[in-house]
Amino acid sequence: MTVSLTLSGITAHYGTTKVLEDLDLHVNEGELVSLLGSSGCGKTTTLRLVAGFLEPTTGTIQLGERDLTRLPAHARNIGLVFQTYALFPHLTVRDNVAFGLKQRGIGAAERRKRAETMIDRVGLTDFADRHPANLSGGQRQRVALARALVIEPPLLMFDEPLSNLDAKLRVDMRVEIRRLQQANGTTALYVTHDQEEAFSISDRVAIMNAGKIMQLDTPEVLYSRPANTFVADFVGFENMIPLRAVAEAGDAVRAEMPGGAILTLPKSQFTVPSKDFILATRPEGLLAAQSGEGIPTTLGLRTYLGRAYQYQCDTPAGEVKANGPLAQPFDSGTQAVLIPQPEQCCLLSA
Amino acid sequence: MKTNPFLIAFAVLTFAFLIGPLIIIIGTSLSDTTYLTFPPQGISLRWYENIFEISAFRRTMVTSFLLAVGGTALSMLIGIPAAYAMARYRYELPAILGNIYVLPILIPEIVLGFSLMKSVAVGMDFPIMAALLVGHALLVLPYCVRVVGASLNAFDFSIEEAAVSLGCPRWKAFFTVVLPNVRAGIIAGFILAFITSLNDVSISIFLTGPGVSTLPIQLLAHMEQFFDPTIASVSVLLMFVTVGVMAIVERTLGLTFLTK
């Protein structure tokens, strides 16, 4: 059973504080969508609303044909994996996994069989009789995963499931999560503050800020074509240079920077969105060179990144970061130009 | 290791003061005299037999025991939900609530006893046993709330949410997931409360009346009339009950739990 999840017009408050504002979100059948953002952006609130631990002020939550909005949490049939694993400390691994089946009135023999099959799938057969206290962090998370999966929920939700694991295990576990989610074709909502984690396992990612979704798209699009300055900054476009289109010169647009310098952008490589716009680039999107068509600058401190040198540059538009070739290190104080590299740049409406 | 002779002397003295009275009481209770004396003169168990020959002791022992069990149970019925609410909604609820539950410890017991007599026994005309039960429940409530609360504060409430997400209604999750995981706190709170109730004089003295008394009060009354070693033997008996109870705690949970 594969269903879609739809949140429409969700507004939520904690007391009098508004934490979500008119949020719309659609997760397709079998899709894994991540909610990504810093703490306080509303991602966990969204998950708790879907789980039924919070009630929205307005709006509806729909899972397939079912309206969840006013349904009590225990009747929603959603598999949840928590940051703290939230295993039942007084039960063995087997009883932890069988808990949800017991609530569904499934007989002891059948319960045991299904729990053990699932425990086997997460590779914990030898640990079935242990209590959670005697398991490692990674094993606990596997139990939590098995416990959520065994009830065969139409929707799986993850609340920062890997943040208590060490770096190596985190990568292994996220692959495992993705594998199990895809194998069952279960629709999934995944909350995290880790960009790499979200991008690596999601079909689509919603970048959230201050209770709103700033952009919802595939990781590839988010990474290369952010829709606004917030998302651009979030995915590493560290330089934001405000520009104003002042003239057309054949197949190029001439744009003025603060301080009066003129930058010529070929139309074949750049699409200017409006009169006032912002050139957002990663450090590797600005190439420091002795001469060429670019932003005039005085190179500052040079640091070595392995694949390139990075310069702190003083430009008329403020301080920016730019990379330069390894073959040609420049000294601090060198007059140079920063040439925008189209594939690492992005023009955004101001 | 270098030891400071002054420190050793101080430690020995402290222990002497702690253990000395116990030795004196045990010795006194075994004395074959009709008055309290130490060291005991002759060894006899007749004052232990005497406890059970005096009907007032037998009666008050039962009363005290029922009060301790009933009062503690009553206070747990109030204290566990209160502690749960305060732990579960610790950010939503005002912090002062927790302090209100400790008031019975802060108010001098004599004052508490007097006000209970004025309000419950006289004002509301409660039967003696009911008034005593209310008084003892109030007296031990801080222990229940605090000790169970300490367990609940260490409890990760996402465990409860996990149970709910797996299809368990909240009321059921409270019994199947929350309570089993704070069991140690409930047992420890029960024992602390039980002992406090069993030893209480100041509140009971205001609430007891004709025909109903508690063991500690009967002890006082007995001592006013007779100066025989019976009170010492009752004390020893109470001591062993307490030690026995503590030994059970130590065996099942470890005493370190009480100091947490």
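In the predicted model, strand 1 (residues 5–14) and strand 4 (residues 58–63) of chain A are paired in the antiparallel sense through five bridges. Within this pairing, Ser8(A) is placed opposite Thr60(A) of strand 4 of chain A. The two strands belong to an open sheet of four strands in chain A, which has the order 2-1-4-5 and antiparallel pairing.

Tyr85(A) is buried, since 24 other C-beta atoms lie within 10 Å of its own and the threshold for burial is 20 or more.

According to the domain assignment, chain A consists of domain 1 (5–233) and domain 2 (236–349), and the C-alpha centres of these two domains of chain A are 41 Å apart. The contact between them involves six residues of domain 1 of chain A and six residues of domain 2 of chain A. On the side of domain 1 of chain A that touches domain 2 of chain A, the residues comprise two nonpolar, two polar and two charged ones.

Further along chain A, strand 11 (residues 239–249) is paired in the antiparallel sense with strand 14 (residues 276–281) over six bridges, and Ile241(A) has Leu279(A) of strand 14 as its bridge partner. Strand 11 of chain A is also joined by five bridges to strand 12 (residues 252–256) of chain A, again running antiparallel, with Glu248(A) bridged to Val253(A) of strand 12. Strand 11 and strand 12 of chain A form a hairpin in which two residues separate the strands, and Gly250(A) in the turn shows a positive phi of about 65 degrees.

The largest nonpolar core contains 148 residues, among which Met157(A) and Leu189(A) touch the most other members. The element that gives the most to this core is helix 7 (residues 128–153) of chain B, from which 15 residues are drawn. When residues up to four places away in sequence are left out of the count, the residues touched by Leu189(A) include Leu5(A), Val27(A), Val33(A), Leu35(A) and Met157(A). In soluble globular proteins, nonpolar side chains tend to be buried together.

The contact between the chains draws on 17 residues of chain A and 15 residues of chain B. On the side of chain B that touches chain A, the elements giving two or more residues are helix 8 (158–165) and helix 9 (170–181) of chain B, and helix 8 of chain B gives the most, with seven residues. By class, this side of chain B is made up of nine nonpolar, four polar and two charged residues.

Methods: Residues are numbered from 1 along each chain as its sequence is written. Chains are lettered from A and ligands numbered from 1 in the order in which they are written. This is a predicted model: local features need pLDDT of at least 70, side-chain atom pairs count only at pLDDT 80 or more; totals for chains, interfaces and linings use all residues. Domain bounds come from an automatic or database domain assignment. Two residues are in contact if their C-beta atoms, placed from the backbone, lie within 7 Å. Ala, Val, Leu, Ile, Met, Phe, Trp, Tyr, Cys and Pro count as nonpolar, Asp, Glu, Lys and Arg as charged, and the others, Gly among them, as polar. Two strands pair if DSSP finds at least two bridges between them. A nonpolar core is a set of buried Ala, Val, Leu, Ile, Met, Phe, Trp, Tyr and Cys residues joined through C-beta atoms within 7 Å. A residue is buried if 20 or more other C-beta atoms lie within 10 Å of its own, exposed if 12 or fewer, and partly exposed in between; C-beta atoms are placed from the backbone.
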